[in-house]
Number of protein chains: 2
Amino acid sequence: MADESTCAPLTRASVFNAHEIIKSRIHKTPVLTSRFLNQLASTEQGTDAFKARGAFHAIEKLKQEPGWLENDGAKKGVVCFSAGNHAQAIALAARESQITAHIVMPETSSPVKIQSVREYGANLTLCGRFEREACAAETMAKTGARLIPPFDHPDVILGQGTAALELQEEVKELNAIVSPCSGGGLLAGTALSCEGTGIRVYGAEPEFEGADDGRRGFLSGERVTHVKSNTIADGLMGKLGVLPWEIIYERRLVDMMYAVTEENILDAMKLIFERLKLVVEPAAAVPLAVVLYNEEFRGMVEREAGEKGWDVGIILSGGNVGVGRISDLFARK
Amino acid sequence: MADESTCAPLTRASVFNAHEIIKSRIHKTPVLTSRFLNQLASTEQGTDAFKARGAFHAIEKLKQEPGWLENDGAKKGVVCFSAGNHAQAIALAARESQITAHIVMPETSSPVKIQSVREYGANLTLCGRFEREACAAETMAKTGARLIPPFDHPDVILGQGTAALELQEEVKELNAIVSPCSGGGLLAGTALSCEGTGIRVYGAEPEFEGADDGRRGFLSGERVTHVKSNTIADGLMGKLGVLPWEIIYERRLVDMMYAVTEENILDAMKLIFERLKLVVEPAAAVPLAVVLYNEEFRGMVEREAGEKGWDVGIILSGGNVGVGRISDLFARK
């Protein structure tokens, strides 16, 4: 540094000059704003970002449907069944548009999620684990509410695909995007967002106890219709839905699905935690685990990309994990 | 959502339309790029963001100093003594400018930090805990290298102040910024960046075992010159330096310093973890702890701001914490 006697004066203008000097060298520090911190005294809860995109889009489209609002749609409302994030997203999106939300949740849902749906002002019905669809159907018959499924609908899928659109806007010349896959709405939306761009899209799943139903379907050519796994990536235990399957597999908008072990997922989660400084749940670490540890994926990239390599985008979604669970997951690490 | 038969076609153009519909409703998802992940196979290490700002600025200014480069400055190099982040920041910034870096670290420094400084290609000298300054002086005499102190220099302070400048550019009409304070470079730089703007600047410290030397100095009117604390906010154990003290206290650019308990720090850290989904070390949680839990700060804001409240910016810095330490810190929570 310069001799202290010749230094710039210690003023605000000198800070601007300092910024000019170093700005090409440093990463811009992200500014975070938090609705949560702003409303700490209230009961606001976060919801998973991509679920909210699907929910907001579905509800906006419903409001635009000819006759729906005029025929008392807002009062009849919407209905969904979900054990968690989708329920919260619909409750939030409906409240912001002053639309009635009927939410059917299994009794076994986490008390925190049940509480947050209540606090959004939704009409909550708790039901047995295998009665959700019947219960939702009953609510629809009684109220005239419209069903919003968690992934198996065009408006939900298109809304969820907008996250990958923003990624493409911010990072030019991506070669590929790896997205997590459970019901498949996010992966199908991501694939649609890349259609015709040349960006390849891959799906990522946990493999434990057959949670890789998407991959197995991909390899056999037939959608798997039953899954039961206790993977630590509990956000990715669902089975791939009918409409996502059409987009992902039948329209060939996804090139391949890859699956990773529980150990791979924990390793990737630890990296995200310690290097990216982000708190994510195990499910969110699955795409990075594919990129770093899946030999089949890595071999494919090597063959396709050659020495130049690829710029790969990864979708990180899901932060539903507290300090307690982190301690439990890494006790053995 | 709209009746499925009337939905938009499932194409990329429809994803753009969906984005138009929802973008005012959603938080834009931040795009993260990681030098670390890009170089996973190599030995790259992260360094603390604000330390890097100070280091890059100091080194750029040195390169601009008339005669320094011409007189073999790059080969003679720079020297610093530091147990951690400043050492890493200087080693990185020097390497990027192809300048020799002589780093003096106490033998008791963490092996990870010693290793990372080595991997940046710096000349490393390990010394006894109380021999750092003598050891650095010896290096200077032998090599002709220039000393870059961790906070007590204008170029370092101005560089560190650029983070708050970016905050002001992104968030207009802030009423106040709360910055952590250890040696005081970041707080002093932040204060300079706000000079004349009307934005008030406050310092935040841990209070455990007298780590709040800045606050105690503020209250007594005299800089405290000895501090020894084992606060969990180990990034904030240093004592306030001479030049930062001038800026902070004598020039009255900081309105007040506030201190928080260990319990407050853990509570704020848990919130940052579970709600902002960010991994930070205890030191980084101190400013939020002031804003949320310090009665004196809160009373002051109530009096000054009235019912409208204030928009307060918080500087979060320091993520030097692994999954193991998180488990230890929250074992009792």
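1. The area buried between domain 1 of chain A and domain 2 of chain A is about 950 Å², with carbon and sulfur atoms giving 56% of it; buried area here is the accessible area (1.4 Å probe) that two parts lose on being put together, summed over both. On the side of domain 1 of chain A, Phe50(A), Arg53(A) and His57(A) lose the most area to domain 2 of chain A, and together they account for 58% of what that side buries.

2. This is a predicted model, in which local features need pLDDT of at least 70 and side-chain atom pairs count only at pLDDT 80 or more, whereas totals for chains, interfaces and linings use all residues. Residues are numbered from 1 along each chain as its sequence is written, chains are lettered from A in the order in which they are written, and side-chain values use heavy atoms, with hydrogens and water left out.

3. The domain assignment, which is automatic or from a database, places domain 1 of chain A at 49-150 and domain 2 of chain A at 155-330, and their C-alpha centres lie 26 Å apart. Eleven residues of domain 1 of chain A are in contact with eleven residues of domain 2 of chain A, contact meaning heavy atoms within 4.5 Å.

4. The rule finds one salt bridge across this interface, a salt bridge being a side-chain nitrogen of Lys or Arg within 4 Å of a carboxyl oxygen of Asp or Glu. Arg53(A) forms a salt bridge with Glu166(A), where the closest N and O atoms are 3.2 Å apart.
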